[in-house]
Amino acid sequence: MKLVASIILEALTFQKIPQTEKNQEETATEAETGTTWGHVCRWGDNFIQSCRVHLLENPKDALKLTVPAGLYLIQNSLVYYSISLVPVPLFQITQQTKLVTTTILSVIFLKRSYNCVQWCSVLSLCMGAAICILSSTGESASDDSDSDKDTNGNANDASPALNSSTSSSLFGLLLIVLSNFISSIAGVYFEMVI
């Protein structure tokens with residue numbers, strides 16, 4: 001966190017460059033033409049210098065941030081794939097369970113302690129998400145069984161296709177849970193590194 005913040009702050013800081021004859025000529029030209037390209041070039045120089053100092057001269061700090069960056073890359077890929085497999089409301093509710101895994105991992109790895117009210121909040125979040133997930137999968141299963149019969153009540157042969165849609169929804173839920181776990185690992189690791 002300090003690495004990223006220091007690169008940005010150093011790059012955005014318009015430091016007062018000592019006035020030489022060349023700088024005075026540039027400043028006079030900028031004042032006459034109304035352009036401020038000198039500031040943009042100095043900003044670019046500051047950014048390059050800041051990247052050199054923080055990335056090339058201290059590579060350990062930059063390498064520490066590659067772990068959460070890679071984990072977030074995997075997590076985002078899983079999210080984009082899983083959102084195509086499950087309904088959006090179910091995705092949003094299941095995505096909120098990331099708080100639960102982050103809480104558990106922060107207790108294990110960061111030795112955090114939470115009070116009773118906070119644990120009750122996490123438990124109520126778990127129960128609410130479980131209820132929504134189970135009711136959503138229950139509705140899709142009942143929809144599947146109703147559509148297995150045609151208008152005369154005879155069995156329909158479309159059952160394998162409907163089972164594949166249910167299995168793809170369950171696979172999507174599994175991917176969401178996995179992406180939540182990966183995101184929690186990345187967040188807890190990032191806090192450990194800082």
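In which helix is Met192 found? Met192 sits in helix H9, and we'll come back to that residue once the overall layout is clear. First, a word on what you're looking at. This is a predicted model, in which local features need pLDDT of at least 70 and side-chain atom pairs count only at pLDDT 80 or more, while totals for chains, interfaces and linings use all residues. Residues are numbered from 1 along each chain as its sequence is written, and side-chain values use heavy atoms, with hydrogens and water left out.

The protein has 9 helices and 0 strands. Here helices (H or I, at least four residues) and strands (E, at least two) are DSSP runs, numbered from the N terminus. Of the 194 residues, 24% are buried; buried means under 20% relative accessible area, exposed over 50%, and partly exposed in between, with a 1.4 Å probe and protein chains only. Take contacts, meaning heavy atoms within 4.5 Å: among those between residues at least 6 apart in sequence, 76% join residues at least 24 apart.

Now for the inside. The largest nonpolar core has 7 residues: Val79, Val86, Leu90, Phe91, Ile133, Leu173 and Ile176. Such a core is a set of buried Ala, Val, Leu, Ile, Met, Phe, Trp, Tyr and Cys residues joined through side-chain atoms within 4.5 Å. Helix H6 (88–95) and helix H9 (159–193) are the elements that give two or more residues to this core. Look at Leu90: setting aside residues up to four places away in sequence, Leu90 touches Cys132, Ile133, Ser136 and Leu173. There's also a second, separate core of 6 residues, including Leu85, Leu175, Ile182 and Ala186.

Asn180 lies in helix H9 and counts as buried at 1% relative accessibility. Apart from neighbours within four places in sequence, Asn180 is in contact with Thr94, Gln95, Thr97, Lys98 and Thr101.

That leads us to helix H7. The 12 residues of H7 (residues 98–109) should span 16 Å, and the end C-alpha atoms are 16 Å apart, which agrees; the expected span is 1.5 Å times one less than the number of residues. The buried residues of H7 are Val100, Thr103, Leu105 and Ser106. H7 also gives the most to a nonpolar surface patch, with 3 residues. Ile104, Ile108, Phe109, Trp119 and Met192 make this patch of about 490 Å². Patches are made of residues with over 30% relative accessible area and no salt bridge, where like charges are joined within 9 Å and nonpolar side chains (Val, Leu, Ile, Met, Phe, Trp, Tyr) within 5 Å. And here's Met192 again, partly exposed with a relative accessible area of 48%.

Lys111 has a positive phi of about 55° although it is not a glycine, and is exposed at a relative accessible area of 68%.

Finally, the salt bridges. A salt bridge is a side-chain nitrogen of Lys or Arg within 4 Å of a carboxyl oxygen of Asp or Glu, and the whole structure holds 2. In one, Glu57 pairs with Arg52, with the closest N and O atoms 2.8 Å apart. In the other, Arg112 meets Glu191 at 2.4 Å, N to O. Arg112 lies in the loop between H7 and H8 and Glu191 in helix H9, so this pair ties together parts that are 79 residues apart in sequence.

Conventions. Accessible areas come from the Shrake-Rupley method with a 1.4 Å probe; for residues, only the protein chains shown count as cover.
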